[in-house]
Amino acid sequence: MTTTPTTGAPTTARGGRGLWLREHSELGVCVLLLALGVLVLTDTLTMDVDIAQRGPVGPRTVPVVVGSGLLVIAALLAVDVLRGGRGQAEGGEDVDLSEPADWRTVSLLAGVFLGAAVLIEPLGFPVAGALLFWGAAFALGSRSTDRDPLIAAGLSLLTYVVFNNLLGVPLPGGPLMGVL
């Protein structure tokens, strides 16, 4: 193995720089973690914090810890990859990579998700959530037309009550606002 004179990247007789990048593809994850860490720290350190609103820990503590952790993990992973470490393939995955992707299912799920996002404001979360759960079940292959809408409505109402009433996270109720 030699290095190229212009870039210093290792080359081999078989593939050159492309082979080296393919063998060290985990470095892309390192770059993503590094960018996320920098973004979190930059956003955290530039946020306005009123001194009177701060408690003993403050609103910057957790984001600084998370951003710093992302930077440390990116650096440790990069060192491991450059020393020859490789991720292990999962043995439990039952995926046939020779089969093409099921773009119909992906398209249906994306359409259901976007539809729910558009309908959440005018119809409210209970109705939009029920349509989301029912549409996702349909896209993933369930064809029980008598059971699926009932389960979707119950799951959506339960989610609305838990978030809106118990956790205090306001969700749009839509036409059902006065009923719930």
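**Close-up views of a predicted helical and strand model**

**Figure 1. Overall fold and confidence.** The secondary structure of the protein comprises 6 helices and 2 strands; helices (H or I, at least four residues) and strands (E, at least two) are DSSP runs, numbered from the N terminus. This is a predicted model, in which local features need pLDDT of at least 70, side-chain atom pairs count only at pLDDT 80 or more, and totals for chains, interfaces and linings use all residues. Residues are numbered from 1 along each chain as its sequence is written, and side-chain values use heavy atoms, with hydrogens and water left out. Read from the N terminus, the order of elements is β-β-α-α-α-α-α-α. The pLDDT, the predictor's confidence in each residue from 0 to 100, averages 84 over the protein. A score of at least 70 is reached by 81% of the residues. Confidence is lowest in strand S2 (residues 10–11), with a mean of 50. It is highest in H5, at 95. Where pLDDT is low, the predicted coordinates should not be read in detail.

Figure 2. The protein exposes about 12,800 Å². Accessible areas come from the Shrake-Rupley method with a 1.4 Å probe; for residues, only the protein chains shown count as cover. Of the 180 residues in the protein, 22% are buried. Buried means under 20% relative accessible area, exposed means over 50%, and partly exposed lies in between (1.4 Å probe, protein chains only). Contact means heavy atoms within 4.5 Å. Take the contacts between residues at least 6 apart in sequence: 52% of them join residues at least 24 apart.

**Figure 3. A nonpolar surface patch on H4 and H5.** Val118, Leu119, Leu131 and Trp134 make a nonpolar surface patch of about 350 Å². Two elements each give two or more residues to the patch: helix H4 (103–123) and helix H5 (125–139). Patches are made of residues with over 30% relative accessible area and no salt bridge; like charges are joined within 9 Å, nonpolar side chains (Val, Leu, Ile, Met, Phe, Trp, Tyr) within 5 Å. Leu119 sits in helix H4. Its relative accessible area of 30% makes Leu119 partly exposed.

**Figure 4. Glu26 in the H1–H2 loop.** Glu26 lies in the loop between helix H1 (17–23) and helix H2 (27–45). Glu26 counts as buried because its relative accessible area is 17%. Neighbours within four places in sequence are set aside here; the remaining contacts of Glu26 are Leu77, Val81, Arg86 and Gly87.

Figure 5. Ser144 belongs to the loop between H5 and helix H6 (148–166). Ser144 is buried, since its relative accessibility is 18%. Its side chain joins that of Asp146 in a polar contact of 3.1 Å. A polar contact is a pair of N or O atoms within 3.5 Å; within protein, one must be able to donate a hydrogen and the other to accept it, and residues adjacent in sequence count only if both atoms are side-chain atoms. Further along, the side chains of Arg147 and Asp148 form a salt bridge (3.8 Å, N to O). A salt bridge is a side-chain nitrogen of Lys or Arg within 4 Å of a carboxyl oxygen of Asp or Glu. The count by this rule is 1 salt bridge. Arg147 is partly exposed, at 47% relative accessibility. Asp148 is buried, at a relative accessible area of 9%.

Figure 6. Val127 is in helix H5. Val127 is partly exposed, with 29% relative accessibility. Val127 and Pro175 lie 48 residues apart in sequence, yet 9.1 Å apart in space, C-alpha to C-alpha. Tyr160 is in helix H6. A relative accessible area of 1% makes Tyr160 buried. Between Tyr160 and Pro126 there are 6.3 Å in space, C-alpha to C-alpha, for a separation of 34 residues in sequence.

Figure 7. Asn164 is placed in helix H6. Asn164 is partly exposed, at 21% relative accessibility. Beyond neighbours within four places in sequence, Asn164 is in contact with Val169, Pro170 and Leu171. A polar atom of the Asn164 side chain lies 3.1 Å from the backbone nitrogen of Leu171. The Asn164 side chain also makes a polar contact of 3.2 Å with the side chain of Asn165.
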